[in-house]
Amino acid sequence: MATDTRPLAVVVGSGGAIARSLLARWCESGLYDVVAVGRSHCDIQGVHSLTTDYSEASLAEVTAAVSALGSNIERLVVTNGVLSGEDFSPERKVGDLTTTSWQHVMTVNALTPMLILSALWSLMRSSTQPRVAVLTARVGSLSDNELGGWYSYRASKAALNMMLKCAAIEVRRINKNAKLIAYHPGTVDSPLSKPFQRSVPEGKLFSPEFSAEQLDNLMTSAVPDGTLSYLDWAGQAIDW
């Protein structure tokens, strides 16, 4: 049974820096019944916390729990992503590619966000004006690639962008008021970017709060047009 008459704002990957800023922002606004989805419990006051291991069975349980809170998702943000780990880094040359790291990066960055959308897709039909944003990256743009390298990460974001474009075409058939955004937040001061921050130009390392605010504003002003918008933190379109 629904616990609130307000529309839902759901943030997946709730342990991340941008995700936590969004959750805090939307809780403070009072506009939404806010739901956090992640591997561990979210400790932000006022949030419904749901845990998942991102398996399809677990995501089905998340969908059931979200549905019990309400059927009107007004905001859905998927923030899951990985760039490096203890035993792998972005490849500088093709010879650095390994099966293990490739499969891990592709799964986390491309497949998992789409499985999340797939699980929650049924709620898109009943939502009045759903705005869906998935965190991607400018390096997923083929036309913008002037430096090369980062094979797995670039490929995973390009694959994600393509699947989101397909999803945007599909969702307009079930809800003409829905809008999908592939959002490039810029370089955000977070654990994901920490190993690479020395090369960031002055003034281009953003706080999670700033990135969350920019995304919130973009989602609010987004107009449903049956297409996927590939936008950066400033609201500028990125070439595919």
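This is a predicted model: local features need pLDDT of at least 70, side-chain atom pairs count only at pLDDT 80 or more; totals for chains, interfaces and linings use all residues.
1. A word on names before we start: helices (H or I, at least four residues) and strands (E, at least two) are DSSP runs, numbered from the N terminus. Residues are numbered from 1 along each chain as its sequence is written, and side-chain values use heavy atoms, with hydrogens and water left out.

2. Tyr54 deserves a look for its backbone. Its phi is positive, about 70°, although Tyr54 is not a glycine. Tyr54 is also buried, with a relative accessible area of 10%. Here buried means under 20% relative accessible area, exposed over 50%, and partly exposed in between (1.4 Å probe, protein chains only).

3. Trp150 sits in the loop between β5 and α4, and its phi is near 50°, a positive value in a residue other than glycine. Because its relative accessibility is 29%, Trp150 counts as partly exposed.

4. Now to helix α1, which covers residues 17–29. Its 13 residues reach 19 Å from the first C-alpha to the last, close to the 18 Å expected at 1.5 Å a residue; the expected span is 1.5 Å times one less than the number of residues. Gly30 follows α1 and has a positive phi, near 75°.

5. Which residues of α1 are buried? They are Ile18, Ala19, Ser21, Leu22, Leu23 and Trp26. Contact means heavy atoms within 4.5 Å.

6. The partner helix α5 has 14 residues and reaches 20 Å from its first C-alpha to its last, close to the 20 Å expected at 1.5 Å a residue. Among its buried residues are Pro208, Ser211, Ala212, Leu215 and Met219.

7. How do α1 and α5 cross? Their axes come within 8 Å and cross at roughly 60°. That makes α1 oblique to α5. Axes are lines fitted to C-alpha atoms, for helices over the stretch in contact, and angles run from 0 to 180 degrees between N-to-C directions. Angles under 35 degrees count as roughly parallel, over 145 as roughly antiparallel, 65 to 115 as roughly perpendicular and the rest as oblique. The residues of the contact of α1 with α5 divide into 8 nonpolar, 3 polar and 4 charged. (Ala, Val, Leu, Ile, Met, Phe, Trp, Tyr, Cys and Pro count as nonpolar, Asp, Glu, Lys and Arg as charged, and the others, Gly among them, as polar.)

8. Next come helix α3 (residues 99–126) and helix α4 (residues 151–174), whose axes come within 8 Å and cross at roughly 15°. The two helices are therefore roughly parallel to each other. By class, their contact has 19 nonpolar, 3 polar and 3 charged residues.

9. The 24 residues of α4 should span 34 Å at 1.5 Å a residue, and the end C-alpha atoms are 35 Å apart, which agrees. Its buried residues include Tyr153, Arg154, Lys157, Leu160, Leu164 and Val171. The buried residues of α4 pack against α3, β5, β6 and β9 (228–232).

10. α2 and α3 pack at an angle of about 35°, with their axes 9 Å apart. From α2 come Glu56, Leu59, Thr63, Val66 and Ser67, and from α3 come Leu115, Ile116, Ala119, Leu120, Ser122 and Leu123. By class, this contact has 7 nonpolar, 3 polar and 1 charged residues.

11. Not counting residues up to four places away in sequence, Lys179 touches residues including Pro130, Val132, Ala222, Asp225 and Leu228.

12. Finally, find Val47 in the loop between β2 and β3. At 14% relative accessibility, Val47 counts as buried. Val47 and Cys27 are 20 residues apart in sequence and 7.1 Å apart in space, C-alpha to C-alpha. Leaving aside neighbours within four places in sequence, Val47 is in contact with Leu23, Cys27, Val34, Val35, Ala36 and Cys42.
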